[in-house]
Amino acid sequence: MKLTLEFGGGLELLFGSVKIHEVAVPPPEGETKVTVKHLLLWIRDNLLKERPEMFLKDKSVRPGVLVLINDCDWELCGTTEAVLEEKDTVVFISTLHGG
Amino acid sequence: MGRSCEVCQKNRPALRRPKTGQQVCRECFFCAFEDEIHRTIVENRLFKKGDRVAIAASGGKDSTVLAHIMTLLNKRHDYGLDLFLLSIDEGITGYRDDSLETVKRNEVQYGIPLKVVSYKTLYGWTMDDIVREIGRKNNCTFCGVFRRQALDRGGVVMKADKMATGHNADDIAETVLLNILRGDIARLARCTAITTGEDSVLPRCKPFKYTYEKEIVMYAYFKKLDYFSTECIYSPNAYRGFAREFIKDLESIRPRAILDIIKSGEDFRIASTAKMPEQGICKRCGYISSQECCKACVLLEGLNRGLPRLGISRTRASNKEGPKAESNRAKERPRSISLDF
């Protein structure tokens, strides 16, 4: 599944200082859907360059990291259970850096 | 999803507001966000018509949104304020020089003048110099103490009547907790005040006192505001980091927790028997201080005399102590005292 991922608010530093990543995420074996939960694991294993604890905590993002799916707060789409679709854009923004 | 905005009942919702739990669309969010800050400013009488107001600007998310909102509300509601941006150049290569570029762009974007005050000019030392001298252990103490004073001095030089800072609800909740954890009763009593130093030359206020960090970042994202978000290259304050994480964990379970902690802070009644430091004036520089010499002067003296631990260890250093006493103390476990508010 083709997705656009964007990291901001300092999170890009964990991804080689690259903000926008065009990626292809395969669904988990034996399934057709890609959930955000699956995407987070895929990011951890395939994209994240350093300090995973700055991005993930207990199978979700670290509290203080905002997630938007197609510019909509993920809290309105079911957070980690949200099902992604082809060409969706997922944005991750840290609120934890500086003021 | 599939529901519509709980305010206009029309558009697709864009976020859930942490304060109210409401699902709102982008436009209704902008309105609510701006109106609430306007109400905070009016109800607490943060400014008077004609005030010259320094906006403490670091180039980060909070101060960038603050600069945007202050210029917007000043025009929309005819506050009659004379606004300018005030930035501190701590002299941190690869960090502050980059974020100052953001502030310089803000100067153009918001059409208000910018004044930059540097540690080098005020103190004769940049943070890079200080870290070379003292290492990376207590540098945040120097930076915090120097910044607070530098902002005040910059504001006074620029003839400001007030200073507005970007401290948000999450920051204040965090500070309430930290002051409890440190047993710092004097700061606990004043850290929730929306305006501080009312009888000083330059009172400070916090228009974002009730504004959630999540909403500030969402607002900046949706409005595509230009802000800087790299972490300081000199390690962050670890103790504060734990408190921050704790607040964020609480928020993810129950978002109102942040406002409730602020309320708890506001409603604390400090026992009349509690010993409070008396505010006086630094005999060297004239800055407000509860000691004979203010913290900045003590730290600066330490740097200039080659005794950088002066003013950092818990036991108060007096002028009588020579290098010997200082080197003895250096062997003790360092306990830094941070001064953020």
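## Two domains, two chains

Visitor: Into which domains is chain B divided?
Guide: Keep in mind that we're looking at a predicted model. Chain B splits into two pieces, and they are domain 1 (15-267) and domain 2 (280-330).

Visitor: Which UniProt annotation covers residues 281-310 of chain B?
Guide: That span is 33% helix and 10% strand, with its end C-alpha atoms 20 Å apart. The label comes from an unreviewed UniProt entry, and it reads "domain: Cytoplasmic tRNA 2-thiolation protein 1 C-terminal".

Visitor: How much area do domain 1 of chain B and domain 2 of chain B bury between them?
Guide: Their C-alpha centres lie 28 Å apart. Still, 14 residues of domain 1 of chain B are in contact with 13 residues of domain 2 of chain B. Carbon and sulfur atoms carry 70% of the buried area, and the total is about 1,300 Å².

Visitor: Which three residues supply 36% of the area that domain 1 of chain B buries against domain 2 of chain B?
Guide: No other three residues of domain 1 of chain B give more of that area. The trio is Trp125(B), Phe142(B) and Gln149(B).

Visitor: How many salt bridges does the rule find across the interface of domain 1 of chain B and domain 2 of chain B?
Guide: There are two residue pairs in polar contact between these domains. On the domain 1 side, the touching residues come as seven nonpolar, three polar and four charged. Charged residues are there, then, but the number of salt bridges across this interface is zero.

Visitor: Which helix gives the most to the side of domain 1 of chain B that touches domain 2 of chain B?
Guide: Two helices, α5 (127-134) and α6 (139-157) of chain B, each supply at least two residues of that side. With eight residues, the top contributor is α6(B).

Visitor: Now the other partner. How many salt bridges are there between chain B and chain A?
Guide: This contact takes 28 residues from chain B and 25 residues from chain A. The two chains bury about 2,300 Å² between them, 54% of it on carbon and sulfur atoms. Polar contacts link twelve residue pairs here, and the salt bridge count is seven.

Visitor: Which residue of chain B meets Glu75(A) in a salt bridge?
Guide: Side chains of opposite charge can pair when their charged atoms come close. For this pair, the N to O distance is 2.9 Å, and the partner of Glu75(A) is Lys214(B).

Visitor: Which element gives the largest share of the side of chain B that touches chain A?
Guide: The elements giving two or more residues to that side are β1 (15-16), α2 (61-76), α9 (213-222) and α10 (238-253) of chain B. By class, the side has nine nonpolar, seven polar and twelve charged residues. The largest share is six residues, and it comes from α9(B).

Visitor: How many residues apart are Arg17(B) and Glu215(B)?
Guide: These two form a salt bridge, with the closest N and O atoms 2.8 Å apart. Arg17(B) sits in the loop between β1 and β2 (23-24) of chain B, while Glu215(B) is in helix α9 of chain B. So the pair links distant parts of the chain, and the separation is 198 residues.

Visitor: Leaving aside neighbours within four places in sequence, what is Arg3(B) in contact with?
Guide: Arg3(B) lies in the segment before β1 of chain B. Its C-alpha is 7.4 Å from that of a residue ten places away in sequence, Pro13(B). Leaving aside those neighbours, the contacts of Arg3(B) are Pro13(B) and Gln23(B).

How values were computed. Residues are numbered from 1 along each chain as its sequence is written. Chains are lettered from A and ligands numbered from 1 in the order in which they are written. This is a predicted model: local features need pLDDT of at least 70, side-chain atom pairs count only at pLDDT 80 or more; totals for chains, interfaces and linings use all residues. Side-chain values use heavy atoms; hydrogens and water are left out. UniProt positions are given in the numbering used here, feature names are shortened, and annotations may be inferred rather than shown by experiment. Helices (H or I, at least four residues) and strands (E, at least two) are DSSP runs, numbered from the N terminus. Domain bounds come from an automatic or database domain assignment. Contact means heavy atoms within 4.5 Å. Buried area is the accessible area (1.4 Å probe) that two parts lose on being put together, summed over both. A salt bridge is a side-chain nitrogen of Lys or Arg within 4 Å of a carboxyl oxygen of Asp or Glu. A polar contact is a pair of N or O atoms within 3.5 Å; within protein, one must be able to donate a hydrogen and the other to accept it, and residues adjacent in sequence count only if both atoms are side-chain atoms. Ala, Val, Leu, Ile, Met, Phe, Trp, Tyr, Cys and Pro count as nonpolar, Asp, Glu, Lys and Arg as charged, and the others, Gly among them, as polar.
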